[in-house]
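Have a look at the structure, then run through the points below.

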Amino acid sequence: MTALLSIAKRFAIHAGVVAAGFALVLGFILIQDQREVVAQSAYQSARQQALDELTHAQAFGMTASELQDLRRQDRTIVEATAPGGSAPFNRARIDFFNQASSQELALVGLLKDREASLLGQTRTAAQDSLVHFIGDLSRAQQIGVDDASLKPLLPLAGSLTRSLNQATSVLDYRDLSLQLKAPMSKLALIIADQQTTNAVAGQFAAQVAAIDHGDPVIASKSANDALAQVRSDLKIAGLFQLDVSVIQAHVDGLAAQMASASGTAAFERIAGNLKARGQELQGAMTSTLPEKAIVISLKDQLLIAYERGQPVYQTLVTTGRPGLETDTGTFKVYSKQSPFTMHSPWPKGSPYWYPDTPVRTVMWFDGGAGIHDSSWRAYYGPGTQFPHYDPFGDDNGSHGCVNVPPRNMPWLWSWTPVGTPVIVY
């Protein structure tokens, strides 16, 4: 009997150890399972925060282009596949959800920073435009612009000041700047036209006469040169959507006169008037156009940097290939990054896929499209956006970005602040 009791005790001890071990393992499984549930819940919460912030940013006034790269980052996070495994072998899944949660929260922070930056930029731009407009109204009155010309513009100063005081979002400030654009352009041209009226156009004719010494051929050339210059400036003003209809009408009339003109005096008078109209236009452009802007011609594959409508730098470029053409329109540089690695949004096997490609600097202006250096190209300029022969580099256009020769990109990078308008046509 004693022996049986001893055996029973030993068996009970072993059974207890086994039960305790089983309970420990079961507890660890339950803990790991709960950790995964918590990680998934945190990720879903962070994901919802990101979605809410994206919705808020859009309502706040951020454009699709300014949100596109962030939406793409969000899709990359969401589309990632969690590793397999169940508790207790689910550490990789827990880490996956924790990392995804951190990425979503980082995206929320980046989005809030961009909202704050754009709010400051658009507020300053609207304030500066309104101050400029009110100052130009006063200036117009001082130089003698007639009341009839100013009457439609005077009430705007008060109404837009009230709008500025009530503005709270990027959308509000951008709407205010948009409302100011047309009247500011009109007022600038009114002032420029009055200044020309006040000036003596004959002074310009006298300057032409001092050059031609009575020779009608030289006088005719001066008139044609003046016409070419003012038409070039009109084209630039048109790209910036400056209302130049008044000056355009004057120039068209002078061009018609020149077609039937004869004699030195007639050409001198026309040349003098064209130069005067050119001066008007230059004044309006200096007063109204953005301090800095980048204009890109898809036809010429040419990028030109402008300061107040005056070209200061240009470079040949390569834009989007057939099927991935660079979008036309008016944009703004909304972000600058250096360095950056371009990652293909197309899967491997797609005709558009490309391997990860590092660039030194990139200036984003249209969602996933940016202006950046491209060390893999040898040739730039007309035709390089299409398939072409390039023995040293890429033989087709870009994937929508604007490729700049590496030797020219440092100047553009240093010269271009965030917010610089980019016009693609």
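The charged end of Lys-336 sits over the ring of Trp-413, 4.4 Å from the ring's centre; that label needs NZ of Lys or CZ of Arg within 6 Å of the ring centre and within 35 degrees of the ring normal. Bear in mind that this is a predicted model: local features need pLDDT of at least 70, side-chain atom pairs count only at pLDDT 80 or more, and totals for chains, interfaces and linings use all residues. Numbering starts from 1 along each chain as its sequence is written, and side-chain values use heavy atoms, with hydrogens and water left out.

**Ring pairs**

- The count comes to eight aromatic pairs, going by rings of Phe, Tyr and Trp (its six-membered ring) with centres within 6.5 Å.
- Phe-240 and Tyr-306 have ring centres 5.8 Å apart and planes at 90 degrees, so they're edge-to-face (planes over 60 degrees apart).
- Phe-240 is in the loop between α8 and α9 and Tyr-306 in strand β2, so this pair ties together parts 66 residues apart in sequence.
- Both Phe-240 and Tyr-306 are buried (under 20% relative accessible area, 1.4 Å probe, protein chains only).
- Phe-331 and Phe-365 are edge-to-face too, with centres 5.6 Å apart and planes at 65 degrees.
- Phe-331 belongs to strand β4 and Phe-365 to strand β8, 34 residues apart, and both are buried.

**Ring cluster**

- Tyr-43, Phe-96 and Phe-97 make up one aromatic cluster.

Methods
Phe/Tyr/Trp six-rings, centres within 6.5 Å; stacked < 30°, edge-to-face > 60°. Helix = DSSP H or I, 4+ residues; strand = E, 2+ residues; numbered from the N terminus. Buried < 20%, exposed > 50% of the residue type's maximum accessible area, 1.4 Å probe, protein only.
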